[in-house]
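Open the model in your viewer and keep the selection panel at hand. The tour goes stop by stop.

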Amino acid sequence: MTLFILRRLLQGAQLMIVMSIIVFIGVYLIGNPVDILIHPAATQQQKAEIIARLGLDRPLWEQYGQFVMGALRGDLGTSYVYRVPAFGLILKALPATMELALSAMVIAIVVGIPLGLWAGYRPHSIPAQAITAFSILGFSLPTFWVGLMLIVLFSVDLGLAPSGGRGATVEVFGIPLSILTLDGLRHLMLPAISLALFKIGLVIRLTRASMQETLRQDFVRFARAKGVPEHRVVVSHVFRNILLPIVTVVGMEFGSLIAFAVVTETVFSWPGMGKLIIDSISVLDRPVIVAYLMFTAFLFVLINLLVDVAYSVLDPRVRLAGR
Amino acid sequence: MSDVALAIRDLTVEAGPKGRSVTLVDGVSLSVPSGKILALVGESGSGKSMTALAAMGLLEPPVRIASGGASLAGKAVDPTDRRQMRGIRGRDMAMIFQDPMMTLNPVMRVDEQVCEAVTVHDPSVSKAEALRRAREALVTVGIPAPEERLNAYPHQLSGGMRQRIVIAIALINRPAVVLAAEPTTALDVTTQGQILHEVKRLCRDTGTAMVWITHDLAVVASLADTIAVMYAGRIVEQGPADDILARPLHPYTRGLLDSVPMIDTRSERLRSIPGMPPVAGSITAGCRFAPRCERAVEACRTAEPALAPAGNGARLVRCIRPLDDGGAA
Ligand SMILES: Nc1ncnc2c1ncn2[C@@H]1O[C@H](COP(=O)(O)OP(=O)(O)OP(=O)(O)O)[C@@H](O)[C@H]1O
Ligand SMILES: [Mg+2]
């Protein structure tokens, strides 16, 4: 197990190195921040000074080398705009994004799994077909459009929820949370639902398909032949088997929830990492963009590792190499 | 007869939408006395599994029981009554499936799966008592270190071990009858032999009746007391195992015997029955086997013969031109 984790961490590190190169080149190609950062009225002299201060006069490989040296000391660069460490900016925006992504994930699980189980158990019933239709809808509607429609319906027409911001927050261990105040909850509701909708569709389809497949297995028939009541067949025999694919997929999808949050945060002005990165891209604040992309890659590596470990704990047949 | 463990009467199983349904099992009647083994034989698709699943109330839509009834240890049961069958399954009537690799739940430990068979029928049984019975059941089917096996997951056990556990689960509540759908075909010959031997002993000792579904007439010879031969959803011949194996009356039974290598075989070469069984739903008038039968005459193709007493009366055959001496067709 330890060996497995070490090997995965090593792979993760390699991935991060490759990622950093791609990100660096990519960000370089987007455009020159100097054109946006420097006031048009600045003199040629001032311009040259700023460029030199930001290190933008150096060749790309040298800039990259400096970035790597800094990164190894835990310094991902300083924001051109805010003049504070980029990583600090991201950490400050992280709780809002995490809160949003986790809420969406919980909604997707709590809503998606029971509906999926039902749809898979009686696939020809009318409710099951309605559930399937709903899941296709959740799958195919674009997230930003859903967000806008939710705002139109619940904020503008019904006035039930505010259309943007985090609302009041409470600090728990120094982390600000919206979910613990009524006002914060009202702010969180719409973006969380909007972000969750796609994942609800995904969880329903996955649960439904696994349920149908597992129901056909001989061990289900044998459980019934033992006289196990139907609800127990579903809960303790079928569900324990399909928990594995669900945990895997939902876990893997958590990374993409954080990524998708970019759109939702922009639509709902949710002050998270997504909003930060969009703002930073529009002013070409390179260090923040690079730090965000590196951090997101790191989260993906971490999440995948956690999912693999969870999988091995849940499935008795999987023994991670080296355990 | 009061010691009939299981009787199935006029069972008809259909599949598909009403009006356009096909008949998979057609008017099958069977009975097994306590402690005896009935072999249900026939080619693939003849309806053996459907018959057993129907008796257990385990058919899944679109397959359903169209008519027929059953009785268990003298009491009438209705296989379409889901509540009644839930209580009966696993307690009075158990079933074993073909592939031991697939029959146990891969993510549940063996102890949980064995104990569950006890506790679902009697929730008042304590965990310790259920475990004690589980150990006992494993010992009964010839598993030496039951404690170790109970703590394992199915994937940690061999196929033979798994099938023994499945049999132990089936027998744990001392059911009146066990329906076994080819439970040894997936195993190697040695393990198969051991398990057959133990199953036979268990049936005799506990008075449990068994319906053994198989293609394998070599197994039948060493195991069964009586035989029922199925063809295209119908029983075509039924009677004591020794009689039928020595002197088949129906040309189909003869054909099955000729196509199986047996140690005491009387035919020098193996022969397969020409042609294919009819597809369910495309059955025509007359004897269902007539299109493949070398002895068929015009009368065979006009009306289907009834399952009628033959020989000394202990045997039944559905044929107007039975092989009276068991000779080659
Ligand atoms: N859902 C269904 N709809 C229609 N026909 C079906 C359905 N399921 C099974 N059948 C048919 O039922 C017939 C009987 O099947 P059954 O499984 O009882 O045969 P069997 O004698 O057990 O064969 P085998 O020896 O291969 O197990 C087969 O012809 C099969 O094609
Ligand atoms: Mg079968």
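**Stop 1: the salt bridges between the chains**

Show chain A and chain B together. Between them the count is 5 salt bridges. This is a predicted model, and side-chain atom pairs count only at pLDDT 80 or more.

Now colour the chain A side by secondary structure. Two elements of chain A each give two or more residues to the side that touches chain B: α9 (218-225) and α10 (230-267).

Select Glu60(B) and Arg221(A). Their side chains meet in a salt bridge, at 3.9 Å from N to O.

Arg224(A) has 11%, which is under the 20% cut-off, so it counts as buried.

**Stop 2: the whole interface**

Chain A brings 21 residues to the contact and chain B brings 28 residues. About 2,400 Å² is buried between chain A and chain B. Carbon and sulfur atoms give 56% of that area.

Which residues of chain A lose the most area to chain B? Select Arg221(A), Phe222(A) and Lys226(A): together they account for 28% of what the chain A side buries. Arg221(A) is also the residue that pairs with Glu60(B) in a salt bridge.

Across the interface of chain A and chain B, 13 residue pairs are in polar contact, with both residues at pLDDT 80 or more.

**Stop 3**

Search the whole structure for salt bridges. The total over all chains is 25.

Select Arg109(B) and Asp111(B). Their side chains form a salt bridge at 2.6 Å, N to O. Arg109(B) is partly exposed, at 32% relative accessibility. Asp111(B) is buried, at 11%.

Go on to helix α5 (residues 127-140) of chain B. Glu129(B) and Arg133(B) both lie in this helix, 4 residues apart, about one turn. A salt bridge joins them, with the closest N and O atoms 3.0 Å apart. Arg133(B) counts as partly exposed at 27% relative accessibility, and so does Glu129(B) at 25%.

Arg221(A), Arg224(A), Glu230(A) and Glu60(B) are joined into one network by salt bridges that share partners.

**Stop 4: backbone points in chain B**

Switch to a backbone view of chain B. Select Pro61(B) and Pro62(B). The peptide bond from Pro61(B) to Pro62(B) is cis, with omega near 10 degrees. Pro62(B) belongs to the loop between α1 (48-56) and β4 (64-72) of chain B.

Next, select Ala73(B). Its phi is near 50 degrees, a positive value in a residue other than glycine. Ala73(B) is in the loop between β4 and β5 (75-77) of chain B. Its relative accessibility is 46%, which makes it partly exposed.

Move to Ala232(B). Phi is positive here too, near 50 degrees, and again the residue is not glycine. Look for Ala232(B) in the loop between β9 (226-231) and β10 (234-240) of chain B. Ala232(B) is buried, with a relative accessible area of 10%.

**Stop 5: a nonpolar patch on chain A**

Finish on the surface of chain A. Select Phe144(A), Trp145(A), Leu148(A), Met149(A), Val152(A) and Val263(A). These residues form a nonpolar patch on the surface, with about 500 Å² of accessible area together.

Which helix gives the most to this patch? Colour helix α7 (residues 143-157) of chain A: it gives 5 residues. Met149(A) is found in that helix, α7 of chain A. Met149(A) is partly exposed, with a relative accessible area of 36%.

Definitions and conventions: Residues are numbered from 1 along each chain as its sequence is written. Chains are lettered from A and ligands numbered from 1 in the order in which they are written. This is a predicted model: local features need pLDDT of at least 70, side-chain atom pairs count only at pLDDT 80 or more; totals for chains, interfaces and linings use all residues. Side-chain values use heavy atoms; hydrogens and water are left out. Patches are made of residues with over 30% relative accessible area and no salt bridge: like charges are joined within 9 Å, nonpolar side chains (Val, Leu, Ile, Met, Phe, Trp, Tyr) within 5 Å. Accessible areas come from the Shrake-Rupley method with a 1.4 Å probe; for residues, only the protein chains shown count as cover. A salt bridge is a side-chain nitrogen of Lys or Arg within 4 Å of a carboxyl oxygen of Asp or Glu. Buried means under 20% relative accessible area, exposed over 50%, partly exposed in between (1.4 Å probe, protein chains only). Contact means heavy atoms within 4.5 Å. Buried area is the accessible area (1.4 Å probe) that two parts lose on being put together, summed over both. A polar contact is a pair of N or O atoms within 3.5 Å; within protein, one must be able to donate a hydrogen and the other to accept it, and residues adjacent in sequence count only if both atoms are side-chain atoms.
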